Amino acid sequence: MCLSSLTTSPCSASSTDSSSLSAGASKRNDMMENNLQDLSSEDMLVAKNSMPEDDPNGNTLHDAREIRWGPQHAGAKLLASQYTKEKRFQEIISIILCIIFMIYNFFFICRYFDVRNCYLIIPSALLGILTADLASGIVHWCADTWGSVDMPFIGRNFLRPFREHHIDPTSITRHDFVETNGDNFAVTVPYLLYMAYKFTYWNDTDIRKIYNFEVYMFLLAIFVSMTNQFHKWSHTYFGLPSYIVFLQRYHVILPRRHHRLHHVVPHDTYFCITTGWLNWPLEMIKFWPWLESIVETYTGAKPRSDDFAWAQKTEKVHCY
């Protein structure tokens, strides 16, 4: 008989079980080391220090009594249990409103389209995608690095999914469309509403003056809305449509292999998750460490302290 409880110490087991587990773990580690010899140093870093994404439980290469990732991790189970009905209702309303305003505004985007302005429209659209990628990185960095799940309102509603995702990365693949995308859709609703107001009440002359900017904002809104869906696909290793795999392969949206680098502990790199286009240049200029040093200097807060605390929660198994 086994009873489980949250604690921060490892479990005890019989010497026979321990020796069997040790032998099995040693054998698996030897196999992993042999397989890693043919990989690049980047691949080795990912394989040794992040959850194997082709295993939804994430513990096949590790001792089952030392759960490092996955849905059986004690912290992951507690965080998942904090998803509330009220939160889901907010997500459903946000998605409905966003889709309504998207369709309404798209009608006017098409109505005022002028092929003679393509030389401005296309750069505006690309800039919107780049802005969405940068915004995803900044929001992702803020939520991963600072704050606590215990903070009023924002903690449980907005920081909780980020903590859960690091200790159970494939949890996002088990979330439905609403839970995956609700918050991102909500972010776009205020400006989409304002855009709809302008298209409805402004005259044609004024609308044409701001048309390129609205194209920029519309593409920004679309890619912000879809960011977490792209993120979900980057963790989905089975059953993706061929066109999604094609877009990932050619880095139109966030590729799977590219995003794996973020999931190497301590999760302090490659934060952009819309397309991931800006990850390389931001890493080259050490953008995130620079920001963290500024925040830590002026606030005294330690980056990722709450994230680390949740990762340290383990599950002790008492055997009788």
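Tutor: A residue is termed buried under 20% relative accessible area, exposed over 50% and partly exposed in between (1.4 Å probe, protein chains only). The model is predicted: local features need pLDDT of at least 70 and side-chain atom pairs pLDDT 80 or more, while totals for chains, interfaces and linings use all residues. Residues are numbered from 1 along each chain as its sequence is written, and side-chain values use heavy atoms, with hydrogens and water left out.

Arg160 has a relative accessible area of 3% and is therefore buried. Arg160 belongs to helix 6, residues 154–167 (helices are DSSP runs of H or I with at least four residues, numbered from the N terminus).

Turning to the rings, the whole structure contains 19 aromatic pairs (ring centres within 6.5 Å, using the six-membered ring of Trp; planes under 30 degrees apart are stacked, over 60 edge-to-face, the rest tilted). One of them, Tyr112 with Phe199, is stacked, with 6.4 Å from centre to centre and 10° between the planes. Tyr112 is found in the loop between helix 4 (85–111) and helix 5 (118–145), and Phe199 in helix 7 (residues 177–201), so this pair ties together parts 87 residues apart in sequence. Tyr112 counts as buried, at 4% relative accessibility; Phe199 is likewise buried, at 4%. Elsewhere, ring pairs join Trp141, Trp146, Phe271, Phe287, Trp288 and Trp290 in a cluster.

Charges also sit over rings (NZ of Lys or CZ of Arg within 6 Å of the ring centre and within 35 degrees of the ring normal). The charged end of Lys198 is placed over the ring of Trp202, 5.7 Å from its centre, and Arg256 lies over the face of Tyr237, 5.3 Å from the ring centre.

How values were computed
Helix = DSSP H or I, 4+ residues; strand = E, 2+ residues; numbered from the N terminus.
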